[in-house]
Each structure stands twice: as C-alpha cells, then as structure tokens.
Amino acid sequence: MTRKKSDMAINIKEMIFELVGCDFKGEVQEITKDGVYVSYKDGKATVGGGTIPGKCRAYTLLAKAISEGKREIEISEKPSFKSVGPMLDMSRGGVMRVESVKKYLRYIAAHGLNMLMLYTEDTYEVKEYPYLGYQRGRYTLEELREIDDYAAELGIEVIPCIQTLGHLEQFLRYFMGIDGSIKDTECDMMVGEEDTYRFVEACVATMRQAFRSKRIHIGCDETNGMGTGNYLNKHGYRDRLEVFTEHVTRVNEICRKYDFRPMIWSDMYFVYSAGENKGHYNTNIQIPQRIVDIMPDIDLVYWDYGEGESTYDHYRINIEKHKQLTGSAIFAGIIWTCGGFVPDYRLTCKAMHPALKASVDVGTDMVIATLWGNDGCETNQLLGIPLLALYSEYCWRGGECADVDIWRMIKFMTGLTPELSDAVSDFFCDSESMVNPGKAVLWSDPLINLLSYNYDLEEIEGYLIKGLKVIETNEHTEYFAAVFRAALDKCRLHMYFRTKYKAGDREYLRNLAECDLPKMIADFEKLRDIHCNLWLVDYKANGWERIQIRYAATLERTRYTIRVINDYLDGKLDVIEELEPELFKGTTRRYRKAKDFMYTSV
C-alpha cells in the first residue's frame, strides 16, 4: 500500500532547537550530504544529512557544540547500522497516547535514529475480532495512521510488531474448547487450524492499512507451551521444531500476500534445538540442518538483554550465527524499563556496551532498543529516552564509541548525569535482572513479610539511602524521590516490626501506629498521585486501574496494620497472628511480580 505524505510540514531546525533548548540565531545553510555533516565557524553553520534523521542529528550536534561554547567544529559521521531505533511495549498494561509517541519520535529523530517498532500483542483494532484489545486502550486504525504519518515526516520507519502465535493470553481468555477454536494453551494459538490463520490474516491486513513499512515483526517468541494443550489432545505429540516451522511458513505466506517481509524473535528455534544446552542463546546450540533446510525466507531477531552472560564474545558469536542462518543480522538489545518504577540505567549500559560493540564489529543490519513494560508498565517508558543515546552514539561513532561521548549526549539531550543515573539505578540494588529488590520491598505487605527468603533488608536500605541522597540534590526528580521514600519506609518497617513485637517493645509499636505508619501512608499517597498524573499525561487511562489497585491494597493493608497494632496494645488481641510464624531465610532472588510480595496465594 502506498500512502501519500501528509499535509503537515515539520521545520526540522525549529523542532530540534525547541527540543534541546537552543536559541541560536545565526545563519544555517542546509546541504545534502551522506551520513551526517556539521560545520560551524564565525557564527555560520552548515548542516547536512543523507536522510531526515541524519539532518536532525546534524542540527542536534550543532546545538550541542554551541551549548558547550565551541567556536569552530567540523563533524562528519557515517552510520554503522542501516536501521536503528526503539521498540515501545504497548501491551503489558499501558498504551501510550499518540502525542506521547510523537514526542518519542522527535527524540528518535534528534538522535539520528530512523526506526520505531510498536509492540502490540492485542492493543490494536481489528474490526473482525472485537475482543482483540477489548477495554485495554487499543489503538484505532486512525491513531496508528496518525503515528505513521508523523513518523514519515521525520523520515522514521514505523514497523508493526505483533504476535501471531504466543503472548496472546489477553485475547485467548475469551475462547473456550477445542473444536473450531484458535486456542492451544492459555498463551498460545492452535497451530494448523484454519481459524488461526483467518485471525492472523485479519491482523496482518490491518497492519497493512495502518503502516507504510514493508517490514513486519510477527513475534513467535517464548512459545514454550505450543503443541502441549488442545493441540496435543487433538493431534498427539509432534516434533515441535517442525510444527513451529510449519506455522511460521504459513504466516510468512500471509505476510507476503500483503507485501510485508516478516521477522520473528529467534529464540524458539534455539530453545527447541537446545537439548541439554541450557539458555535460549547458549553459544553451543545448533539448529538441526533438517530444520535449516525448511526454514522460510524470514529475518531472525536475536534478542539478548544481558541477564546472565553479557560478554562481547557471547554477543558476537550469536550475531554471527544469525548472520550465517539468514545472510543478515538483527540484534534487539534493551533499555531496562521492565523491572518496575524506574529504569535501570546502570544495568542497561553494562549489558549493552559489549552488545553494541559486537553489533558494530560483526556488521549488524538492524539494532532495536526494546523498552518492555512487564507487570503492568509500572515504569513510564519516556524515562528511557536518555539511553537512546547509547544506541545512537554506537550507530554514528562506531565501535570505538567512548562512554564519555554517550554521557555528554545524554546530559545535553535530557539533563541526566552519570551520578543521577547511578542513584536511580540503586533502586535495583545491583540485582542485574528484572528481579527488583526495590519494587519487592515497595509492594510488600506490611504485616506478612514475604521478603526474608529472598532479600537482605539492611543491604536494600543502604542502597535506598545512598540513591535518595543524590536524587534529593537534583532538580525535577520528584517522582524518583517519592519512589525511594515509599520503598525506604516499607524496608524499615520490615527491618524492625517483627523483632520489636517479639521483644515486647510496646513503645515501638505505639510509635509505629501513631507516627511511622501514618507517615508511610502519606508517602505512598504522594507517590500514587505523582505516578497517576504522569500516567494520565503519557498513557491512555486503561491500565492504570491495575496499578491503582496495588496502591489501594497497600494503603488499605497499612491502615489495617495500624488497627491490628492498636487492638493488640489495647488488649483486644492476645497476639498479632501475622507476626507469629518464624521466617525462612535464603538468598534466591527469583520473584518478579507485585503479587509475589503482596499476598500469600498465587
């Protein structure tokens, strides 16, 4: 489908200068130049780019040089990747408003990035399937077109990213039974059923109506249950590599019908081939030749976020392996927004420096910076904007990109400093995964301590105190400070509450009920209100109810805790039942979701 350009006309110079706060009034000559070109001397500037994002970056570099007081510069850059940009998760509870996506697009362009993926499992409108995205804030076709039109004016390709096999539990919950159903397991569709492919075709057809791109991401990751539910009952056991490949081949044919070249997350080819090799991208895994011979002509996306091994050689070997399989390489890294409440800037840099250097050295065609919203999208994805610079600087500066170059760009674009980013990352207590001690403490029940098996509370308190001290010295960090204060309140409660109760310290308990817990309630209410305001500005209303329920539960349980303490002190209760059991101790940090710490049942 060919769509004409919209009638809007974006003035690149004005857009970039407004975005970065530059008031340069001197003469600027625009030229056509491959890559990015900037020169500045005697108050006159020349900017050029082979693409609109290249020109946008040229204006950004000019503004940055002027802000640094430079009087003369000449910069010429060539990109290391053909396509590079973020993937925004619109499916895990939060759907970003169109204006917020446009804001992201302006930052994407300003960094010289040229691609955006919108990850939508079920959060888009397909007229034939009204339950897809039902009451989940789904995008209308008109909204998707508006995003695509705006991106086109900035020279940015918006690539639809949907699911055509797994991760469809929000949609499949409306389906029951086997006969005529598209449901295999709770999350996975039924392979081989014509109803399944009618649904897939309707989704792909909608994406063709919405987007100009000739590329589409069809998902198919983490389908570990495929073939083990209704499919197994109907067909018996079959080799899952073969079943998976048959499905991907069929979906590929549908995509080609609508002039799309599809790509999939590649992990399941490796998982199904792993044998005794653990980990979906263990470098020892080899896909059997019999499967390689029947794989359809699609692109494989190697995703790796640095949970576990994050060495240069690990990334390099896997990128080379993908390149051998398809002739091209696509790497999906991460900006860690999926752990809850704040981004983990520190882990992102640690994991992605070797990944991006390997991507440059091997010759990767496309690099994707995924921003996931796991467990309800508690972290506003706009907080991930600073680390777009990690990807842009590797793209435009190459494998020798220095950390100082990245941080200069981050600070210029967003004001985030290394010191503040480290302080915010202290919320994760160096866990180096989606397992977030700060979030676990914050959502934990005030009476029922499910933390002792997993966490050292004194260690967590130390991280929170250290991070908060830096955050409070910075401007425009009200949200970060509120997150840390609420978590610190809860952490200290668990550190002393049970011990003081067991010791019979009635003075502590009375002060807890009269002072500390009311303060905790006030801190949580403040965090809730700030969080709510941010959400309603940047996201559609749907999805907030999930997080609001967590705040409401935390506040109500805290009020109940005050009641229980007072009843105990007044002699109405002989014991506080919840504090009586002895706690198990351990070191495993494996729980990730709010519900794991909020109550005892699953």
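Figure 1. K350 is partly exposed, with a relative accessible area of 47%. The model shown here is predicted. E432 is also partly exposed, at 35% relative accessibility. The side chains of these two residues, K350 and E432, meet in a salt bridge, with N and O 2.4 Å apart. K350 sits in helix α12, which covers residues 345-362. E432 sits in the loop between α16 (418-425) and α17 (437-443). The pair therefore ties together parts that are 82 residues apart in sequence. Side chains of opposite charge can pair when their charged atoms come close.

**Figure 2. D430 in the loop between α16 and α17.** D430 is not a glycine, yet it has a positive phi of about 60 degrees. Most residues other than glycine have a negative phi. Is D430 buried or partly exposed? At 42% relative accessibility, D430 counts as partly exposed.

**Figure 3. The salt bridge of R57 and E77.** How far apart are the closest N and O atoms of R57 and E77? They are 2.7 Å apart. Both residues, R57 and E77, are buried. R57 belongs to helix α2 (residues 52-67) and E77 to strand β4 (residues 72-77). The parts they join are 20 residues apart in sequence, so the pair ties a helix to a strand. R57 and E77 also belong to a network of salt bridges that links them with E393, R397 and D405. A search of the whole structure finds 53 salt bridges.

Figure 4. Helix α14 spans residues 388-397 and is mostly covered. How many of its 10 residues are buried? The count is nine. Among them are L388, L390, Y391, Y394 and W396. Just after α14 comes G398, with a positive phi of about 85 degrees.

**Figure 5. D149 and R212 across the chain.** The side chains of D149 and R212 meet in a salt bridge, 3.0 Å from N to O. D149 is in helix α4, residues 141-153. R212 is in the loop between α6 and β8 (215-217). The two residues are 63 residues apart, and the pair links distant parts of the chain. D149 has 19% relative accessibility. Buried means under 20%, so D149 counts as buried.

**Figure 6. Q135 in the loop between β6 (115-119) and α4.** Q135 has a positive phi of about 55 degrees although it is not a glycine. Is Q135 buried or exposed? Q135 is exposed, with a relative accessible area of 58%.

**Figure 7. A nonpolar patch on the surface.** Which residues form this patch? They are Y131, Y134 and Y174. Together they have about 290 Å² of accessible area. Y174 lies in the loop between α5 (169-172) and α6 (194-210). With a relative accessible area of 32%, Y174 is partly exposed.

**Figure 8. G308 and G279.** G308 is in the loop between β10 (299-303) and α11 (312-326). At 65% relative accessibility, G308 counts as exposed. Along the chain, G308 and G279 are 29 residues apart. Their C-alpha atoms are separated by 9.3 Å.

**Figure 9. The second largest pocket.** This pocket has a volume of about 720 Å³. Its lining holds 24 residues. Which lie nearest the centre of the second largest pocket? They are L382, L383, T414, H476 and F480. Two or more lining residues come from each of α3 (98-110), α15 (403-414), α19 (478-502) and α20 (506-538). The most come from α20, which gives four residues. By class, the lining of this pocket has 14 nonpolar, six polar and four charged residues.

**Figure 10. The largest cavity.** The structure holds four cavities of 30 Å³ or more. The largest cavity contains about 50 Å³ of space. By class, its lining has six nonpolar, two polar and one charged residues.

Methods. Residues numbered from 1 in each chain as written. Predicted model: local features only at pLDDT ≥ 70, side-chain atom pairs only at ≥ 80, totals over all residues. Heavy atoms only, no water. 1 Å grid on protein atoms, 1.4 Å probe; cavity = no way out; pocket = protein on both sides within 12 Å on 5 of 7 lines; lining within 4 Å. Points joined across faces, edges and corners; volume = space filled by probe spheres on them. Nonpolar A, V, L, I, M, F, W, Y, C, P; charged D, E, K, R; others polar. Patch = residues over 30% accessible without salt bridge, like charges linked within 9 Å, V, L, I, M, F, W, Y side chains within 5 Å. Areas by Shrake-Rupley, 256 points an atom, 1.4 Å probe, with all protein chains shown as cover. Salt bridge = Lys/Arg side-chain N within 4 Å of Asp/Glu carboxyl O. Buried < 20%, exposed > 50% of the residue type's maximum accessible area, 1.4 Å probe, protein only.
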